[in-house]
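Thanks, everyone. I'll keep this brief, and here is the model on screen.

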Amino acid sequence: MRGTLIAVLALALAACSETPPPPKPKPAPPKAEAPTPAPPPAPVAETKPEPPKPDPNKELASRVKNVLESPEAKLPSGAIDVTAADGKITLWGAVASDAQRSRAAQIARKVEGVSAVDNQLKVVRGS
């Protein structure tokens with residue numbers, strides 16, 4: 001009897017230690033057909049942005065200003081401003097005499113690329 005009792009206890013213990021089987025997965029609901037993914041876009045050749053092109057009007061005005069401010073010009077340094085538009089130069093500012101006003105226009109006309117000079121310089125005595 002004792003042997004039977006041990007056997008029953010061993011079976012009971014073994015039955016308790018078993019893990020239950022995992023639950024069966026639920027079937028997934030039917031899926032609509034997934035749209036086919038679009039093909040990847042064609043690779044685009046990477047282009048570097050072009051450097052900004054120099055403004056010919058600014059370049060011409062700068063060249064004229066540099067010539068007018070050179071020591072050979074014998075004009076007041078920094079007293080004359082220069083603008084340019086399609087080869088036409090406009091001189092702005094103040095000079096001390098009519099001779100300086102005329103000289104500035106003559107010098108500006110000699111710069112390459114200058115087609116006309118609009119001399120707006122004012123003669124201010126004592127400047």
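One term before we start: contact means heavy atoms within 4.5 Å. This is a predicted model, so local features need pLDDT of at least 70 and side-chain atom pairs count only at pLDDT 80 or more, while totals for chains, interfaces and linings use all residues. Residues are numbered from 1 along each chain as its sequence is written, and side-chain values use heavy atoms, with hydrogens and water left out.

Let's begin with Ile-107. Its place is in helix H3. Helices here are DSSP runs of H or I with at least four residues, strands are runs of E with at least two, and both are numbered from the N terminus. What does Ile-107 touch, not counting residues up to four places away in sequence? Val-67, Leu-68, Ala-73 and Leu-75. Take Val-67: 40 residues away in sequence, yet 7.6 Å away in space, C-alpha to C-alpha. Ile-107 is buried, at a relative accessible area of 14%. Buried means under 20% relative accessible area, exposed over 50%, and partly exposed in between, with a 1.4 Å probe and protein chains only.

Now Leu-68. Leave aside neighbours within four places in sequence, and its contacts include Ala-73, Leu-75, Ile-80, Val-82, Leu-91 and Ile-107.

S1 covers residues 80-85. Its covered face holds Ile-80, Val-82 and Ala-84. Asp-81, Thr-83 and Ala-85 sit on the uncovered one. S1 pairs with S2, residues 88-95, in the antiparallel sense over six bridges. For pairing, DSSP must find at least two bridges between two strands. Which residue in S2 is the bridge partner of Val-82? Leu-91.

Next, the core. A nonpolar core is a set of buried Ala, Val, Leu, Ile, Met, Phe, Trp, Tyr and Cys residues joined through side-chain atoms within 4.5 Å. The largest one has 20 residues. Val-64, Leu-68, Ile-80, Val-82, Ile-89 and Leu-91 have the most contacts inside it. Helix H2 (56-69), S1, S2 and helix H3 (98-109) each supply at least two residues of this core.

Last, the whole chain. Three helices and four strands, in the order α-α-β-β-α-β-β. Of the 127 residues, 20% are buried. Among contacts between residues at least 6 apart in sequence, 63% join residues at least 24 apart.
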